[in-house]
Amino acid sequence: MATDSIKSSTLMLRSAGRPPWYAADGKNDPVYMVGVAGGSASGKTSVARRIVQALDVPWVVIVSMDSFYRKLSPEESKQAFLNNHDFDHPSSYDYTEALRCVRDLKQGKATSIPQYDFAKHAPSTESQRVYGASVVIFEGIFALYDPTLLSMMDMKVFVDTDSDICLARRIKRDVTERARDPIGILQQYDRFVKPAFDGFVRPTMNNADVIIPRGLDNEVAIDLLIKHIQRQLDARSQALMRPALVRQFRSEDDLSELFFRVPETNQVRAMQTILYDATTSREDFIFYSDRLSRLVLEFGLGKLDLAPTTVTTPMGVPFDGYSLAPNVTGVTILRAGGVMEKALHSVVRPAHYGKILIVGDPVTHEPRLHYVNLPPSIKDGQVLLMDSTIVSGANALMAVRICLDHGVKQENILFMSLLATPHGVHAIQSAFPKVKVVVALLDSHISEDNLLIKAGYGIFGDRYFGTEC
Amino acid sequence: MSSLAAQVAEHPRFHLLPQSNQLKALMTIIRDKNTKRSDFVFYSDRVIRLLVEEGLNYLPVVEKEVTTPMGVPFKGVSFEGRICGVSIMRAGESMEQGLRDVCTSVRIGKVLIQRDERTALPTLYYSKLPKDIADRWVLLLDPMLATGGSAIKCAEVLKEAGVKEDHILFINLICSPEGALHMLEKFPGLQIISAEVDEGMDERKFILPGLGDFGDRYFGTED
């Protein structure tokens, strides 16, 4: 298969839910970035992996410079197939592209990282979408070469392994993984790899904070390195988010004009009563929360700005109206927000759907991101973010942050919920003042011990899905 | 808006849906003569659902206290009064599903009223109403209110069956100002819920700008 040669050089590792990576003001914490350079086959990747394994960070990505080999001219390409092209020269890389990806990752944004087809000596048409790493490791022979890339790194490591060992590893790797023949590899080594190392790679050792002799075998050095990184990460870790968000609200605070509440009609109050009633059957609970979801959605859609248009009626008379928003993405915050997708499906025909799974930590109840899948078109249109309940606003903050990280404009986000506290709405509006918030019910009774709405409907997801204890 | 239309919109027994851009966009689609039928049905259904939800707000509620799952008392309200739907055939039947989606297993009566070609008057051809309709609130369903001829005839049929005038909520998508005013004057208890008030009618008594024949477009029987 032709695609065997396209090896994803980017490795995204997730070991657990991701804790908040931003502060209560909604701003992203800087991502911790490690650069790992060293000669070809010196063991950079192994060192990078060892660092990742040892760090107690749930979402980490290792980006290889192999992803950023530039496109060759037809003549260069011909030479490459004759093993006559110098891939070990600094000019073999597309630094603009590398910079774009690394800058995105450093700012916590979703990015797409190119992939390289080693059999075709050309960038593949495919790319890999990467999002959510709190630590980024950038490794490659020229990882410590470009000054702009260097300026973004928090820790710069050079792996200095004996050149005999490097050559032996390189022959083995290129034969088995990259379908080259040994003679060609040796030719290439003499002509390009060795001179490049001496001329360009070794000098970047001066840019390193730490030099690790003997690569992966040097457990003492690697251990020291990991301890240092861990200390720096610990110093950055956030205080608990939920209590902080709840505390920042004062009763005299007004919710901004971008907060909209469904009018408190008789029907809405009657539905609220049914949902709040502990004795309501599950069947009724589902029916009335679906009905209320649809009302919130219709009401919320009424807050979108639309483009005017004029049509002609069958009576041959013009009618001045509006066009529906052309590109709407509904993003549900699972589990409980998922129930609102049904209502969206019944009102917005060509909607795209994104999903985010946020789960409370069993001990602290702090939000943890477990899964995110958003359509690429999300950045260009209106986004309807949906969750059943906003209590502290911590989950909502995370969801909005994810949308922004995926290129969505704040003013295009409409956050919709069945039930909210003023504390939670205030938390969203303080962090993201241009986001519109639409709710059906507002209730201010928060229980201090577990931060649930006291007078509310209890745990929405449990009652809807029937998973109460 | 014409002065007659403004007069309708301000009438205390006339309730217009909140006029959002979104509603206007829905009405734009169903008014557009180039809209294909599946879209016409989908977006009409959406407006109908909004109308039904709005209509139900004019039904009475009573105070009710419940206990939440957190063990806290909550003072709320509960629905009071029994309801039924009555659709004016054929176009009014398009609104039945919208009512059923909100009030599952609601009783629905049907009335067929057509113009008698000899007298030019709306004439009752068929009616089948729930037996206890006199004790119920009636949501009267007909998507277009033009002259009001059929709707007035239907309201008379309901009153003969014992329905109280102030227990009738007439729900439609588009009304002419003349038709709405006529109806409100003729039945001083009845309320009207509508999505939009149009400018008027042509000489054939079609609403302008209107949307053509609703029944034909909804059921796909246009030429």
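B:Arg90 sits in the loop between strand E4 (83–89) and helix H4 (96–102) of chain B. Helices (H or I, at least four residues) and strands (E, at least two) are DSSP runs, numbered from the N terminus. The peptide bond that leads from B:Met89 into B:Arg90 is cis, with omega near 0°. This is a predicted model: local features need pLDDT of at least 70, side-chain atom pairs count only at pLDDT 80 or more, and totals for chains, interfaces and linings use all residues. Residues are numbered from 1 along each chain as its sequence is written, while chains are lettered from A and ligands numbered from 1 in the order in which they are written.

Chain A has a cis bond to look at too. It joins A:Leu334 and A:Arg335, with omega about 5°. A:Arg335 belongs to the loop between strand E12 (328–334) and helix H11 (340–347) of chain A. Most peptide bonds are trans, and most residues other than glycine have a negative phi.

Now turn to phi. A:Ala41 has a positive value, near 60°. Its loop runs between strand E2 (32–38) and helix H1 (44–54) of chain A. A:Ala41 is buried, because 22 other C-beta atoms lie within 10 Å. The cut-offs are 20 or more such atoms within 10 Å for buried, 12 or fewer for exposed, and partly exposed in between, with C-beta atoms placed from the backbone. A:His365 also has a positive phi, near 65°. This residue lies in the loop between strands E13 (352–360) and E14 (367–373) of chain A. With 19 other C-beta atoms within 10 Å, A:His365 is partly exposed.

Back in chain B, helices H2 (residues 21–31) and H3 (residues 37–56) pack at an angle of about 145°, their axes 9 Å apart. Axes are lines fitted to C-alpha atoms, for helices over the stretch in contact, and angles run from 0 to 180 degrees between N-to-C directions. H2(B) brings B:Leu26, B:Met27, B:Ile29 and B:Ile30 to the contact; residues from H3(B) include B:Phe40, B:Tyr43 and B:Val47. Contact means C-beta atoms, placed from the backbone, within 7 Å.

Last, the two chains meet. Chain B puts 40 residues into the contact and chain A 39 residues. On the chain B side, H2, H3, strand E2 (61–67) and strand E3 (73–79) each supply at least two residues. H2(B) gives the most, with eight residues.

Key. Contact = placed C-beta atoms within 7 Å.
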